[in-house]
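Here are my notes on the model, as numbered points. Please read them with the coordinates open.

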There are 2 protein chains.
Amino acid sequence: MNQLPKIGRYSFRVEQYQCNVRKMLRFSSLVNIMLSAADYHSTERGFGTIYLNEMGKTWVLSRLAVEMERIPSRHQEITIETWIDKVHPLFTSRNFRALSKEGEVLGWGRSVWAMIDTTTRHPVDLMEIHDGLITTFIVKPEDKEYLEVPIDRPAKIQLDEPSLFRIDNTYFSDVDFNGHINSMRYVDHVLDIFPLSWHKKNNIKRLDIAFIAEGRPEIPIKIYGTFNHPDYLFKIMQDLPENSEESEACRLRLRTIPLVGADL
Amino acid sequence: MNQLPKIGRYSFRVEQYQCNVRKMLRFSSLVNIMLSAADYHSTERGFGTIYLNEMGKTWVLSRLAVEMERIPSRHQEITIETWIDKVHPLFTSRNFRALSKEGEVLGWGRSVWAMIDTTTRHPVDLMEIHDGLITTFIVKPEDKEYLEVPIDRPAKIQLDEPSLFRIDNTYFSDVDFNGHINSMRYVDHVLDIFPLSWHKKNNIKRLDIAFIAEGRPEIPIKIYGTFNHPDYLFKIMQDLPENSEESEACRLRLRTIPLVGADL
């Protein structure tokens with residue numbers, strides 16, 4: 001397993017059903033593809049969720065930023081590169097680069113993950129997995145292209161006096177393979193606040209997410225938000241039966257740019 | 001283009017994010033994969049939507065049935081075979097077979113498509129496209145394996161005294177690249193009527209859909225349904241501003257089997 005290259009490269013086709021009304025890859029599908037690449041990279045190298053689950057451990061995504069130069073469109077083949085940037089005892093940072101088939105850089109991603117015990121939900125030491133095998137995959141000065149990514153780290157998201165925008169019920173289709181609310185469904189719910197006419201005129205340039213607690217299915221999510229030019233800021237809350245106060249699931253920041261000369 | 005084989009074969013990986021709480025491919029994602037295969041098959045052979053759209057025409061899915069022997073699970077590689085079964089002047093039938101990497105037949109699909117003029121929305125003659133090129137791809141007696149599919153044709157779906165189960169708003173995430181409600185989002189909305197506890201105990205064996213009119217985004221869908229053992233029957237209606245009566249978008253039939261010895 002540790003003979004594999006540090007950089008994982010995975011190709012994906014942009015399927016028609018993953019596209020939005022502008023025939024471009026939905027942002028939530030794009031991030032899902034990046035997370036798939038992370039899943040393959042860690043699985044092949046001996047520290048993926050299937051292996052960890054057998055030992056009562058799992059990865060949880062803590063923070064994520066994705067910033068795009070260009071969103072790929074229907075039928076395009078794209079490559080997602082992903083690699084381990086840094087490893088600390090209790091979390092690890094993983095970066096991403098998205099490329100077109102012709103090698104054009106489409107965008108970048110940065111993420112922070114923790115490994116937790118699935119029973120106690122407490123963080124576990126990454127070094128316990130195959131004697132710290134993960135550290136052999138950290139990029140080194142000789143991996144020049146991958147040492148620095150040209151986008152800011154995942155943002156610290158602060159909301160001043162947010163308003164309640166919407167309360168959405170959560171159902172089977174919101175639930176992931178772990179039994180929690182799928183992280184990208186939060187993105188869909190937040191993007192659904194904007195009408196179709198807005199989506200036809202605005203590109204999503206960058207998305208930041210900070211996960212606070214796993215969302216519980218079949219309990220509504222309350223989406224609070226505010227606009228702080230050029231950013232839309234959101235937090236997702238739930239009323240859990242055991243708590244008297246609302247519980248926070250995650251925060252999101254959306255940076256958009258108006259569309260120029262788009263094919264509508 | 002007409003040197004290509006009649007049967008198209010496309011491989012897909014079951015990505016983690018396409019899986020449900022049982023770590024199996026969601027039924028809506030499975031059908032989306034089949035529709036992607038149809039898209040590739042028709043595109044490569046000169047009668048895909050991109051080519052048709054340039055001529056002011058498009059394919060619309062009229063009826064569909066998918067019946068599964070086994071639902072693939074996370075990380076599995078599957079192959080979708082698809083081919084043209086019959087061609088009539090105003091519609092064409094296309095079949096599907098899903099296989100595991102080891103060649104096990106996982107399930108089958110049957111579908112009926114019409115070609116329409118995107119302005120008038122009226123059917124157009126399939127023979128107008130490259131002088132009836134599509135007919136050269138119809139399976140023949142020598143394509144033995146593909147001549148007969150072992151599942152019933154898409155069902156005629158009749159509902160006796162259905163009840164209104166739910167009214168769901170529709171948003172950006174419900175809209176497909178054509179600007180209509182995505183056909184598989186209907187399946188998600190219908191499956192969302194069943195609680196998570198039901199999904200943990202029931203497998204979807206077969207899905208039938210009949211499309212009546214394209215769903216209009218940003219207008220709620222009203223899901224009516226009834227149970228007629230062993231089938232759940234649904235119809236999706238919308239209140240369109242220009243009509244005094246409800247308009248029907250589609251009908252669905254769901255056949256399920258209880259789960260035996262599943263990994264919950």
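1. Domain bounds here come from an automatic or database domain assignment. For chain A that assignment gives domain 1 (1-154) and domain 2 (155-264). The C-alpha centres of domain 1 and domain 2 of chain A lie 21 Å apart.

2. Ground rules. This is a predicted model: local features need pLDDT of at least 70, side-chain atom pairs count only at pLDDT 80 or more, and totals for chains, interfaces and linings use all residues. Residues are numbered from 1 along each chain as its sequence is written, while chains are lettered from A and ligands numbered from 1 in the order in which they are written.

3. Overall build of chain A. It has five helices and 10 strands; these are DSSP runs numbered from the N terminus (helices: H or I, at least four residues; strands: E, at least two). The C-alpha atoms of chain A fill a box of roughly 50 × 50 × 30 Å along the principal axes. A compact globule of 264 residues would have a radius of gyration near 18 Å, and the 19 Å of chain A agrees. That radius is taken over C-alpha atoms, and the globule rule is 2.2 Å times the number of residues to the power 0.38.

4. Which parts of domain 1 of chain A touch domain 2 of chain A? The contact takes 18 residues from domain 1 and 19 residues from domain 2 of chain A. Residues are in contact if their C-beta atoms, placed from the backbone, lie within 7 Å. On the domain 1 side, helix 1 and strand 2 (57-68) of chain A each supply at least two residues. Strand 2 of chain A gives the most, with eight residues.

5. Chain A against chain B. Here the contact takes 29 residues from chain A and 27 residues from chain B. Helix 1 (27-44), helix 4 (183-191) and helix 5 (196-199) of chain A each give two or more residues to the chain A side. Helix 1 of chain A gives the most, with four residues.

6. The same surface serves both copies: 93% of the contact residues of chain A recur in chain B.

Note on methods
Two residues are in contact if their C-beta atoms, placed from the backbone, lie within 7 Å.
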